[in-house]
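Please work through them with the structure in view.

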Amino acid sequence: MSELAINGGKAVRDVNSNPWPQWPIWDEKEEKGLMEVLHSGIWSYNGPKEIEFNRAFAKFCGTKYSVCAANGTVTLQLALEALGIGWGDEVILPGLTWQATAATIIDVNATPVLVDVIEDTWCIDPEKIEEAITPRTKAIIPVHLYGAFSDMDAIMEIAKKHNLVVIEDCAHKHGGEWNGKKAGSIGDIGSFSFQLSKHLTAGEGGALTTNRFDLAEKLDALRNCGRRPEPEDQDVDKGAGVYGDEGNFIQSGNYRITEFQAAVLIEGLKRLPEQNKIREENGEYINARLAEIPGVAPMKRDPRETKKAYFNFSFRYLKDEFKGLPVEKFREALDAELGIQAEPSYEPLNNCSLYVPLTKPSRHRITEEYWKAIDPSRFDLPVCEKIYNEGSVCMHHKVLMGTKEDMDIIIDAIKKIYDNAEELM
Ligand SMILES: Cc1ncc(COP(=O)(O)O)c(C=O)c1O
């Protein structure tokens, strides 16, 4: 008789009687905020909720400014534009990230340079950054992937040495802290996503954080069709901005969020510290237990992470130590035991179905040299490929919102698959 749920055995968790925590989380406070917006008639455009959220989010991130925008893709694009990155510039980023981190670089006519990651954090490898720097390099975009932290000490040192700007892609790291400094406050600009899968969400949305007034002012204009920001929109201290007293306009588009999104974000942000605490406690607990069992390993957490801000629950799979069971079979079996999807990491960007700049010649074939430079297949990313093909398991962060018993259930499921791996061979 089969033991494993995938073969008809009894699952470790019966999600009908014992469901995982729900996501997203909301209550009557969101309802109240949304109704206030509805009745006010101020549904968008620098409204009171957006201003309130920007102030609260800047405080939460330990930055002077926060500027909301439509999503975490356009925030990356606006960050690049505000920093003057464009034609002829190279931007270094990890090969393992969501496609937007690279696609937005191409959207500002710059060249993405993909570099490999570190196997036990899945974040950009600082040594590989050094190797990729050329006279054209202008920026680095570290991505704090799945809640791990990029080595910000090494990255900021490289940036200083080579006079580069740093945009932190914090789409997975709301509230994380590196040596006491919040994610999004260490580089020149932080870029956040509030898409439904993120741990602060309004369905869609994004924000940019910075300590520099000139950048805050530019970002504010860029998300608002290039209009000069009104000082009362932000807690601006009117430093030396780009506009001067007369103020001109700059070319841009509409990347604003609505007041409905801001109303939901205000309430979500109030819950986030407590939720981060629960995820961190569970993350630390389950990682310690993962380290005890064969065939899997926890993601490495750096002691310089003073607040860990776990995002998706991800861990490493070691096929050889798991009796040679292919990772796809392991993930399917885990899914069946736990009733929650177990997925691989993002696809490496040198071979990613959603990062295909060469499908748009009318837009991107600016010169033959550029066309060759943006061909993702020219990059060699052996560690990213190994992680994606053989070594990654990722689950929705709601699993980390449960109890210690929930964490034990995940461990039981992994052990059960290990003990019965022969059933899947
Ligand atoms: C690392 C990373 N950067 C940027 C984004 C883009 O965010 P959005 O979906 O809000 O456009 C995502 C979204 O998944 C992401 O994971």
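**Exercise 1.** Determine how many residues of helix α3 are buried, and what covers them.

*Solution.* Helix α3 is mostly covered, with nine of its nine residues buried (20 or more other C-beta atoms, placed from the backbone, within 10 Å of a residue's own). The buried residues include V74, L76, L78 and L80. Their cover includes the strands β1 (65-69), β5 (165-169), β8 (189-193) and β9 (206-210), together with the helices α4 and α7 (213-222). Helices (H or I, at least four residues) and strands (E, at least two) are DSSP runs numbered from the N terminus. Just after α3, G84 has a positive phi of about 75 degrees.

The model is a predicted one, in which local features need pLDDT of at least 70 and side-chain atom pairs count only at pLDDT 80 or more, while totals for chains, interfaces and linings use all residues. Residue numbers start from 1 along each chain as its sequence is written.

**Exercise 2.** Describe how α3 packs against α4.

*Solution.* Two packed helices are described by the angle between their axes and the distance between the axes.

1. The axes of α3 (residues 74-82) and α4 (residues 99-107) come within 9 Å and cross at roughly 45 degrees. Axes are lines fitted to C-alpha atoms, for helices over the stretch in contact, and angles run from 0 to 180 degrees between N-to-C directions.
2. Therefore α3 is oblique to α4, since angles under 35 degrees count as roughly parallel, over 145 as roughly antiparallel, 65 to 115 as roughly perpendicular and the rest as oblique.
3. L76, Q77 and L80 of α3 meet A100, T101, T104, I105 and D107 of α4, contact being C-beta atoms, placed from the backbone, within 7 Å.
4. By class, this contact of α3 with α4 has four nonpolar, three polar and one charged residues. Ala, Val, Leu, Ile, Met, Phe, Trp, Tyr, Cys and Pro count as nonpolar, Asp, Glu, Lys and Arg as charged, and the others, Gly among them, as polar.

**Exercise 3.** Describe how α9 packs against α13.

*Solution.* 

1. The axes of α9 (residues 327-338) and α13 (residues 404-419) come within 10 Å, crossing at roughly 130 degrees.
2. The angle makes α9 oblique to α13.
3. F330, A333, L334, E337 and L338 of α9 meet I410, A413, I414, K416 and I417 of α13.
4. The residues of this contact of α9 with α13 divide into eight nonpolar, no polar and two charged.

**Exercise 4.** State which residues are closest to the ligand.

*Solution.* By class, the shell has four nonpolar, nine polar and one charged residues.

Notes:
Near = placed C-beta within 6 Å. Contact = placed C-beta atoms within 7 Å. Buried ≥ 20, exposed ≤ 12 C-beta atoms within 10 Å, placed from the backbone.
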